[in-house]
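Please keep the sequence and the three-dimensional view at hand while reading.

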Amino acid sequence: MNLKTLTSTAIKKLLDKAERYPLTTINYPSRGQTAVQEIYQTKYGKFFLKRNSKQNHIDCQIDIDSGTLAEREFWAFQLAEHLGLDVPRLWLLDKMTTVQVWLDYPDAKQYSSTQERVFLNTQNVFECGLFDWLTGQIDRHNANYLYDYVSQKIILIDSAHCFLKHSASLPHYLEFFEGAYTQLLSLKLNTKLSQKIKSIKPKQLDQLIVLRNEDEKKALHFRMDSIKKTHTISDLINLYRRKS
Ligand SMILES: Nc1ncnc2c1ncn2[C@@H]1O[C@H](COP(=O)(O)OP(=O)(O)OP(=O)(O)O)[C@@H](O)[C@H]1O
Ligand SMILES: [Mg+2]
């Protein structure tokens, strides 16, 4: 089954017939922000449903009319898909609800607290960092990325805190990379994804991410303009630190 072909209506039907697992909050390092979190076992594997409440938006100071947390997570998924960044497939069921494929990887916080340290892949970190910068991500702590310990790549999840009017904040993995891989900070990097992200045209950006708020649009275009001269992870960190 190619999950890409499943519509959100088909996903709804699938979950109606599926087996629900106990709450994730017992097993995962959830900070308990999202009102509803459910895991379903289906014939196509496990799916993770998140439903936000109005209170969640008040707590996070997010204006529902500009874009809910669920919509923002979906926009981030759409951009990741366009760029070819490997993230769990995600559907928007309604304004407050997303469903995504549950991947069998621990998040980096779980892995480093229970197994061993995380090893990072330079190109993968560069690509994720460019994506987090462009999307204006402000919540990339180490339980918001999974760790594929076989390929030693990270997989971004829970990208809901994005496309706001403020700039992105330094992701946890970049802070870690800076301390652990000093000799790689100035390495020039040029990947298929970095080329693609730098070459998005303003008009195409507006078509890809249809923001309703003018200040958020302006902030997105500013981040897009500032990304062009980023060739190393050091350049990337400087972007977050507003030093470039
Ligand atoms: N697609 C996924 N595959 C595997 N694990 C996931 C996936 N999505 C989330 N998780 C796990 O579930 C945890 C909680 O999910 P998520 O970060 O999306 O929710 P949240 O909005 O942060 O919830 P809360 O604010 O309540 O912590 C993650 O930290 C991670 O451990
Ligand atoms: Mg989270």
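Is the crossing of H5 and H6 left-handed or right-handed? The crossing of these two helices is left-handed, a term used when the near helix is turned anticlockwise from the far one by less than a right angle, right-handed being the clockwise case. Helices here are DSSP runs of H or I with at least four residues, strands are runs of E with at least two, and both are numbered from the N terminus.

The model is a predicted one, in which local features need pLDDT of at least 70 and side-chain atom pairs count only at pLDDT 80 or more, while totals for chains, interfaces and linings use all residues. Residues are numbered from 1 along each chain as its sequence is written, and chains are lettered from A and ligands numbered from 1 in the order in which they are written.

Two packed helices are described by the angle between their axes and the distance between the axes. For H5 and H6 the angle is about 140° and the axes are 10 Å apart; axes are lines fitted to C-alpha atoms, for helices over the stretch in contact, and angles run from 0 to 180 degrees between N-to-C directions. H5 and H6 are therefore oblique to each other, since angles under 35 degrees count as roughly parallel, over 145 as roughly antiparallel, 65 to 115 as roughly perpendicular and the rest as oblique. Val125, Cys128 and Gly129 of H5 make the contact with Tyr173, Leu174 and Phe177 of H6, two residues being in contact if their C-beta atoms, placed from the backbone, lie within 7 Å.

These helices belong to a chain with 10 helices and seven strands. For 244 residues, a compact globule would have a radius of gyration near 18 Å, and the chain agrees because its own value is 18 Å; the radius is taken over C-alpha atoms, and the globule rule is 2.2 Å times the number of residues to the power 0.38. Along the principal axes, the C-alpha atoms fill a box of roughly 50 × 45 × 35 Å. Of the contacts with a separation of 6 or more, 69% join residues 24 or more positions apart. Buried residues account for 34% of the 244 residues; a residue is buried if 20 or more other C-beta atoms lie within 10 Å of its own, exposed if 12 or fewer, and partly exposed in between, with C-beta atoms placed from the backbone.

Helix H10 shows how burial can be arranged along a helix. In H10, which spans residues 233-240, Ile233, Leu236, Ile237 and Leu239 are buried. Viewed down the axis of H10, these buried residues fall within an arc of 150°, so they line one face of the helix; the arc is that of the directions from the helix axis to the C-beta atoms. An α-helix has 3.6 residues a turn, so residues three or four places apart point the same way. The buried residues of H10 pack against H5 (122-135), H6 (172-180) and H9 (214-227).

Just after H10, Arg242 takes a positive phi of about 55°.

Two loop residues also have positive phi. Gln61, in the loop between H2 (54-59) and H3 (69-83), has a phi near 55° and counts as exposed because it has 7 C-beta neighbours inside 10 Å. Phe163, in the loop between strand E7 (153-156) and H6, likewise has a phi near 55°, but counts as buried because it has 25 such neighbours inside 10 Å.

Another loop, between strand E5 (97-101) and H4 (108-114), holds Pro106. Pro106 is buried, with 20 other C-beta atoms within 10 Å. Leaving aside residues up to four places away in sequence, Pro106 touches Tyr111, Leu146 and Tyr147. Its C-alpha atom is 8.7 Å from that of Tyr145, 39 residues apart in sequence.

Finally, Gln123 returns the reader to H5. Gln123 counts as partly exposed, with 17 C-beta neighbours inside 10 Å. Apart from residues up to four places away in sequence, Gln123 touches Leu189 and Thr191.
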